[in-house]
Amino acid sequence: MKKILIILDGIVAKKLLHRIVESNTGDNNYDVIYMNDVILPVQKPSNFTFYKFDPTSKSKLSMVLDKNIHTEVLMALNSKDEMLSVIRNIREYKKNLQITILDYWGIKIEDPMLSIYKGIEVLANGMVERLPNVPVLAQNIGLKQGEIMEIKIPFGSSYAYKSIASIEQKQWKIFGLYRNQKMVDLKPTFVLKPNDIILVMGKPSVLMNIYNVIGKSQGQFPMPFGNKIYLFLDLYLEDEESVKKAIEEAKFLNNKLKNSLLIIKILRPTTVSIMNYIQDEVRHFPTIILQIEYGNKTFKEIIKEDIRKYNIGLLMLSKIMFKNKVELEFLLEFKIPIFKTGRESLKAVKSVAVLLNESGSYEQISPIVFDVATQLKIKTKIFDFDPIGEKVDQEKILDHFENLAKIFDEKIEIISNNDNPIRELRKQKDILQILPLKEKMFKKRRLFRFFYTNSDLISFDSNKYNQLLIPVSEE
C-alpha cells in the first residue's frame, strides 16, 4: 500500500479533496495537510490522516515527512511563492520524492521528479472542447499527446450506419461507444448511428485525420473503407472492348472521387496492342499506378496480398469476373465496396439509383448513396416498389432518405408505385445503382430467375447498369 502526501489550500482545494475521497479504493494511505476546515469532507475515510498547519513551515512539514515514507506528493496551493517555498522545503528532506503540482503561474523548475499540471491550459482546453467541431482529447492519459480522443458521429457522416467491423482501423482503434448517455458493449457487428460518441486511440496525427473524415458530411467516399481505388483486369478473360470500358470507368472515378491513387492490376497480359493501349492511357496521370503480374498467382492470392499491402477503399471488377460468383465469395471478408461494371457508360450517368428492399441494410448504405451522388454531381433516385405489400418499415426508410437528402442538400426523386420493381428499374437509363453487399449474392442460384423475389439478387445478376456494392452488417 502506497503512502501519498497531499498539500492543499486555495479555491480548488475543497473540490480536489472531495474528488480524491470519491476515487478512494482503499489501496492507498493519504496524509493531508490543510489550513482551512472548509475543505474537509463530511466523511473521513480511515485511510486518510489530516494535519492542519501552514505547509510553508519547515519544522512542521519535516515532522510529517519524517513520520511516514511517502511515494509521492500532490500539491495545490493558493500562491506561487507558497508553492515554491514548500517545494524547496520538501527537497531538503526528500531529494527523489515525486511531486505533482497544480500550476496557474507558469512555474519553471529544473527538477526531473517534478510534474507540473498547468491549470490555465486545462481550463482553456476544457472551454475550447465545448465548441462544436473541435476534437476532445484525453489530456492526462498515456503519453498525453492526444493519442486518445472522443468523437461524436454527426448526421450525414460517412461513418454513420456503418458496422464497426466494416471500418478500416489502421494505426487507430475504436475501443468505447456511448449511445443515449450510456456506454454500450462493443461488437464487430455493432452499427454506428448519428449522435453516437466513440472513444478512439492511436497515433495522434492519424486520429486528427479520422476526426476530420468523421466530422465531414459529404465528399469522403471511398473513406472510411480506404483511400485507393483498385481495378483488377485478367486480360485472358477480357475482350478489348471490356478492357477499354473498365479503364475509362476507373479513370472517371479516379477523377471524381476523393481518393489518393488508382491502382490498375493486370493479370495474364495477352496482346501487345492491348498492353500498349493500357500504358498509353495511364502514362501521363501521376495518380495512376499500373502493375503487371507476370507470375503464376491466382486472382484470390493477388487480391489478398494487395489488400494487405494497400489501403484499398474501392475494388473495381468487370462484369466478366462475376460469371462465377461463388469464387468471389472470399471478397466479403475484406469488407470493402465493390464496383461492378455494366454495359452503360459511367460518364453518361445522370442519377444514383436505389431500389429499396430490406430497410436495415439500406439504412446502412444511405450516407454512401448521397456521398457518391455529391461527388459525381448527380441526383438520387429512390425506387419505392412494394407490389405485394410484404416489405416492413418501408415508410420509415423513405423518411430516413428524405432527411439525409436535406442534410446533404441533395436532390432526391422518389418513385413509388405497386408495379414490378425490376421491370420498372429496367426502363431506367443512365443510372449508377447502389446496393448492399451481401453473402447471398455469391451463392449458387438453384432456381430459375423468374422465381426470384429478392430485388437485390435480381439486380446483382443484371449486367445493364454499373453497380456499387457497399458492405453491410447482416446481423
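Let me begin with a term: a residue counts as buried when its relative accessible area is under 20%, and as exposed when that value is over 50%. Please keep in mind that we are looking at a predicted model.

With that cut-off, Lys 438 is buried, because its relative accessible area is 2%. This lysine is found in the loop between β20 and α12. What does the side chain of Lys 438 meet in a salt bridge? The partner is the side chain of Asp 456, at 3.1 Å from N to O. Asp 456 lies in helix α12 and Lys 438 in the loop between β20 and α12, so the pair ties together parts that are 18 residues apart in sequence. Asp 456 is likewise buried, at 1% relative accessibility.

A second salt bridge joins Lys 350 and Asp 430, at 3.2 Å from N to O. Here Lys 350 sits in the loop between β16 and β17, and Asp 430 in the loop between α11 and β20, so this pair ties together parts that are 80 residues apart in sequence. Lys 350 is exposed, with a relative accessible area of 56%, while Asp 430 is partly exposed at 21%. There is also a network of salt bridges that links Lys 297, Glu 305 and Lys 309.

Finally, I turn to the strands. Strands β13 and β14 pair in the parallel sense over 6 bridges, with Ile 266 opposite Ile 292 in β14. Together with helix α7, these two strands make a right-handed β-α-β unit.

Note on methods. Residues are numbered from 1 along each chain as its sequence is written. This is a predicted model: local features need pLDDT of at least 70, side-chain atom pairs count only at pLDDT 80 or more; totals for chains, interfaces and linings use all residues. Side-chain values use heavy atoms; hydrogens and water are left out. Two strands pair if DSSP finds at least two bridges between them. Helices (H or I, at least four residues) and strands (E, at least two) are DSSP runs, numbered from the N terminus. A crossover is right-handed if, with the strands pointing away from the viewer, the path from the first strand over the helix to the second runs clockwise. A salt bridge is a side-chain nitrogen of Lys or Arg within 4 Å of a carboxyl oxygen of Asp or Glu. Buried means under 20% relative accessible area, exposed over 50%, partly exposed in between (1.4 Å probe, protein chains only).
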